[in-house]
Structure formats: C-alpha cells, structure tokens
Amino acid sequence: MLQNNAADPLPIAADGPFVFATALTESSSYSVTVQHHPDDTNQYCSVTNGAGVVATTDVGNVLVTCSIREEIILDDGFENPPDP
C-alpha cells in the first residue's frame with residue numbers, strides 16, 4: 001500500500017505504472033511512501049525518486065521496489081568478546 005503526502009492510500013497488486021486518485025496541480029509537492037508492506041512479512045518495499053515537485057507533465061520516475069528479506073540465523077556457539 002502506497003500513499004502520497006501522508007494520504008491518498010493506493011493498493012498495489014502488480015508491476016507497472018500507478019496513479020493516485022487525487023491529482024496534484026503543477027508546482028505541488030509530492031512524497032510517495034510505503035504505507036504498508038506486503039502481507040508476506042519477509043517482503044520489504046522501498047521508494048526511489050519518491051519526492052519532488054510536479055512539473056508540467058505527469059511524474060513518471062517514481063520506482064517502488066519490493067524484495068525478500070534475507071533471514072539471518074545466529075550461531076548458538078557465538079560468544080561475546082571479553083570486555084577490554
């Protein structure tokens with residue numbers, strides 16, 4: 001789930017372009033963020049080029065990337081180093 005300017009929630013279900021329901025006028029600021037990550041707790045999404053000011057054309061360079069988090073397994077034999 002994405003949001004723009006801390007409002008205007010937009011669920012994303014597939015790759016491709018997306019459009020928020022509320023249009024912004026020229027010279028308006030925008031800030032696209034991830035409101036909720038996918039239900040799969042191993043996925044994390046980030047936004048690139050998510051903030052700026054609307055020019056005379058639609059903003060088309062916002063990129064949302066979701067990836068699977070690497071699972072970290074701790075070794076039970078790990079010991080803390082001694083205090084100096």
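Biologist: Is F20 buried or exposed?

Modeller: F20 is buried, at a relative accessible area of 13%; buried means under 20%, exposed over 50% and partly exposed in between, with a 1.4 Å probe and protein chains only. This is a predicted model, in which local features need pLDDT of at least 70 and side-chain atom pairs count only at pLDDT 80 or more, while totals for chains, interfaces and linings use all residues. Residues are numbered from 1 along each chain as its sequence is written, and side-chain values use heavy atoms, with hydrogens and water left out.

Biologist: How many aromatic pairs are there?

Modeller: A pair of aromatic rings is described by the distance of the centres and the angle of the planes. Rings of Phe, Tyr and Trp (its six-membered ring) pair if their centres lie within 6.5 Å; planes under 30 degrees apart are stacked, over 60 edge-to-face and the rest tilted. The count here is 1 aromatic pair. F18 and F20 form an edge-to-face pair, because their ring centres are 5.9 Å apart and their planes stand at 90°. F18 is partly exposed, at 24% relative accessibility, whereas F20 is buried.

Biologist: Which residues is Q3 in contact with, apart from neighbours within four places in sequence?

Modeller: With contact meaning heavy atoms within 4.5 Å, Q3 touches D8, F20, S31, V32, T33 and Q35 in this way. Q3 belongs to strand β1, residues 2-4; a strand is a DSSP run of E of at least two residues, numbered from the N terminus. At 15% relative accessibility, Q3 is buried.

Biologist: What is the phi of A6, and is A6 buried or exposed?

Modeller: A6, also a residue other than glycine, has a positive phi near 60°. A6 sits in the loop between β1 and β2 (7-10). With a relative accessible area of 66%, A6 is exposed.

Biologist: By class, how is the lining of the largest pocket made up?

Modeller: The lining has 23 nonpolar, 10 polar and 3 charged residues. Ala, Val, Leu, Ile, Met, Phe, Trp, Tyr, Cys and Pro count as nonpolar, Asp, Glu, Lys and Arg as charged, and the others, Gly among them, as polar.

Terms used: Helix = DSSP H or I, 4+ residues; strand = E, 2+ residues; numbered from the N terminus.
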